[in-house]
Amino acid sequence: MTECMQCGKTFIEQLNITNLLRQPNNICEECLSQWHNAKINNTNHCKRCLKSMINKEVICKDCLYLMGRYTLMNQLYCQYNYSGVAKEIIQRYKFMKDYALKHVIAQRLSLPEYRYDYIIPIPSPIERDKARTFNTVTTILDEMNVTYFSCVEVKNKLRQSTLTKKERAQQPNPFEINTTVNLSDKYILLVDDVYTTGITVHQVACKFFVRKIRKFDVFTFAR
């Protein structure tokens, strides 16, 4: 019997042809069902940022807003809505410092099947990582055995959750690229935990576009 890392209940995973050769689940069927229900349904969503759209817009209002300020990313890849179980587990992991939940989150995620030159984690201020004792993004990438290139640093970044969308857009860009590696014509995948307004990832993106990269995609745990 196994203890569910999400709810703590014990369970037995029945072996069958579909799960015989994969890593055993670390959560029970009930919790798996909750994650399944949290998945993004790409119907009626913005093709670029996956925002749910009620009307038949070609591009969502968020992307139109960003378009007036930044060069847009090529594509957001994300499997879960930031609500329900996904929001609960990410918040427990990120704000309540429940480090063990890295196993739950990492097993639910899969990066896009595309060959990127660099997979780059978005940083958080060092003081915040020290207070939490871990970085929320690189910890998950390590658990997924993903090779990444940490070449972005951040300074004096306010907590985005305390700011309105307008206030976020008015903040000076806190990100810098700290590498002399030639990024010209490279394919970049930026990884962050949650995509909300898109301002943060596009602040990072503009630092890469001046390096004449070819493609800039984003992957987040939830949207």
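Which residues have the most contacts inside the largest nonpolar core?

1. Basis. This is a predicted model, in which local features need pLDDT of at least 70, side-chain atom pairs count only at pLDDT 80 or more, and totals for chains, interfaces and linings use all residues. Residues are numbered from 1 along each chain as its sequence is written, and side-chain values use heavy atoms, with hydrogens and water left out.

2. Core. Phe208 and Phe216 have the most contacts inside the largest nonpolar core, which has 65 residues. A nonpolar core here is a set of buried Ala, Val, Leu, Ile, Met, Phe, Trp, Tyr and Cys residues joined through side-chain atoms within 4.5 Å. Buried means under 20% relative accessible area, exposed over 50%, and partly exposed in between (1.4 Å probe, protein chains only). Beyond its neighbours within four places in sequence, Phe208 is in contact (heavy atoms within 4.5 Å) with Ile120, Cys151, Val152, Ile177, Leu183, Ile188, Ile213 and Phe216.

3. Strand E7. Helices (H or I, at least four residues) and strands (E, at least two) are DSSP runs, numbered from the N terminus. Strand E7 covers residues 187–194, and seven of its eight residues are buried. Two strands pair if DSSP finds at least two bridges between them. E7 runs parallel to strand E4 (residues 118–121), joined by four bridges, and Tyr118 stands opposite Ile188. E7 also runs parallel to strand E8 (residues 215–222), with seven bridges; there, Val191 has Phe219 as its bridge partner.

4. Crossover. E7, helix H8 (residues 199–209) and E8 make a right-handed β-α-β unit. Right-handed means that, with the strands pointing away from the viewer, the path from the first strand over the helix to the second runs clockwise.

5. Asp192. This residue of E7 counts as buried because its relative accessibility is 9%. Leaving out residues up to four places away in sequence, Asp192 touches Ile122, Val137, Thr200, Val201, Phe219, Thr220 and Phe221. Asp192 and Lys166 are 26 residues apart in sequence, with 21 Å between their C-alpha atoms.

6. Val194. Also in E7, Val194 counts as buried because its relative accessibility is 14%. Its contacts, apart from neighbours within four places in sequence, are Tyr82, Ile90, Thr220 and Ala222. The C-alpha atoms of Val194 and Val137 are separated by 9.9 Å, and the two residues are 57 residues apart along the chain.

7. Lys102. Residues up to four places away in sequence aside, Lys102 touches Tyr93, Thr139, Ile140 and Glu143.
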